[in-house]
Amino acid sequence: MRTHARAPVSRRRFLALGGTAAATAALGGCALPVAGSVGGSGETVTVMAKADDISTDLIRQAQKDIGIKINTVLYSTSKLIAMMTNGNPPDLVRGVGAVDAPYFAARGVMENLDPYFAKSRVLRPDDLDPVNDLWRYDGRTQGKGPRYGMAKDFSQDSMYWYNTALFDQAGVDYPSELEPVTFDEWLDKAKRLTRRKNGAITVFGGSYNGVLTPNLLASLAVAAGGSIFTEDFSRVDFTTPEARKALGWYIDYCRTKVGPSIIQPDPNAWDGPTFQADRLAMSNSGYWLGGLINTDTKLAPLSRLAPAPVFEGGRRISPCQAGTGFWIPSKSHHKDAAWRVFEWFFGEAPAKARASGGWGIPTLKSLRSLMPAQESYQKRVLKVQEAELKHFSVIAFTPYASADSLLALFNQIAPAAMNGEMSLDTLAGHLNSVMNDQLKRGKEQVG
């Protein structure tokens, strides 16, 4: 039976969230900040977010700017389920649009925000960047239909930064500013840029892990000309030529140990500090990492941004693998006040501060002029980024399993292939088996 995004919420359907989330690892994330037109002054809004999403200063600023008190609850899938099923949901919930929007919308727990957007003087539909289509779902496909949330900012996460000083030291040519290298060329450069001493890596040649492995693989497969999912998103198939090419490239990246992976973790846990310490030559963190780079006056002039790689004979795409933002639960008791916070957070002072700091591309086109462009190196980065925008497209994700649950399954099986102890075809078969069991259960639970 076809899922409808506005299907009524039953305890069984929503408790299905817990079953899928039980085996998951925590999503990494981006933070959030911005303001509007609907009433709500004097009310209290409960926001479920991660620790660095909303600071105490921002909470004080919200009360001053819009007269609404914000209470925060630390994000937890199990707590979200408990609050929703007990009839006392939060009023705003953080989410990663690229993977969370279809998952929660298919379960009927998200408010359709189209009527709010239609009336807003702050968040006008014609001002929304296409990245916000990650938060749309028509009951079948992500990227179409009603809007259920909005991204706070975004990056085209297959783009990568590189350190020119490390390229110079290794005698490796810089990538073109506007023409993409192939994935094979990227990996070849990473091999040549990697530095080892006494068997230990002193400089990683490149990091290419994306935001989360399942949607990285989804993006790689589309770049190869196919998909990891069947047409109705109810199954994965890593044995198709395109999905196999995507999986094979990523396993090769991990096997060659030119960068961090689950079999060779970065001691810093993420690319930022390693890149800043001149121990990482390339990082596919997208424009978002510029917020950190811009604070380092030594590193910033040496850092450049390059287009997303392509597969030989494949499509040129440059997706966003996160699109972190907020959504309003359909059972919220304070929807108008929540929308007022939503407007403020995504369209007013906090959004302007984010845009000017370089922490991601604004998701309102009218705020693009605030992106850092004072220095020559910032102008260079903007030139590359602006050219890349036309290659953005939504990579639809399955609504039948959380990305976390698929990640947990991948991490259980894939290390053997990364260590050369399992063939690619065997890995593809194992992934199909365990992930399709997960997807089948999710489809049965959604109805």
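## Cysteines

Let's start with the disulfides: the count comes to zero. Keep in mind that this is a predicted model. For a pair to count, the two cysteine sulfur atoms would have to be within 2.5 Å.

## Inside the protein

Search the whole structure and you'll find five cavities of 30 Å³ or more. The largest cavity holds about 80 Å³ of space.

What lines the largest cavity? Among the lining residues are Trp 161, Tyr 287, Asn 294, Ser 303 and Pro 372. Two helices, α11 (290-293) and α14 (376-388), each supply at least two residues of that lining, and α14 gives the most, with three. Sorted by type, the lining has seven nonpolar residues, four polar ones and no charged ones.

## One side of a helix

Now turn to helix α7, which covers residues 183-193. Its buried residues are Phe 183, Trp 186, Leu 187, Lys 189, Ala 190 and Leu 193. They sit on the same side of α7, because they cover an arc of only 160° around the axis.

## A loop residue

Finally, find Glu 348 in the loop between α12 (335-347) and α13 (349-357). Is Glu 348 buried or partly exposed? Glu 348 is partly exposed, with a relative accessible area of 21%. Glu 348 and Val 211 are 137 residues apart along the chain, and their C-alpha atoms are separated by 27 Å.

Technical notes:
Residues numbered from 1 in each chain as written. Predicted model: local features only at pLDDT ≥ 70, side-chain atom pairs only at ≥ 80, totals over all residues. Heavy atoms only, no water. Buried < 20%, exposed > 50% of the residue type's maximum accessible area, 1.4 Å probe, protein only. Helix = DSSP H or I, 4+ residues; strand = E, 2+ residues; numbered from the N terminus. Arc of directions from axis to C-beta. 1 Å grid on protein atoms, 1.4 Å probe; cavity = no way out; pocket = protein on both sides within 12 Å on 5 of 7 lines; lining within 4 Å. Points joined across faces, edges and corners; volume = space filled by probe spheres on them. Nonpolar A, V, L, I, M, F, W, Y, C, P; charged D, E, K, R; others polar.
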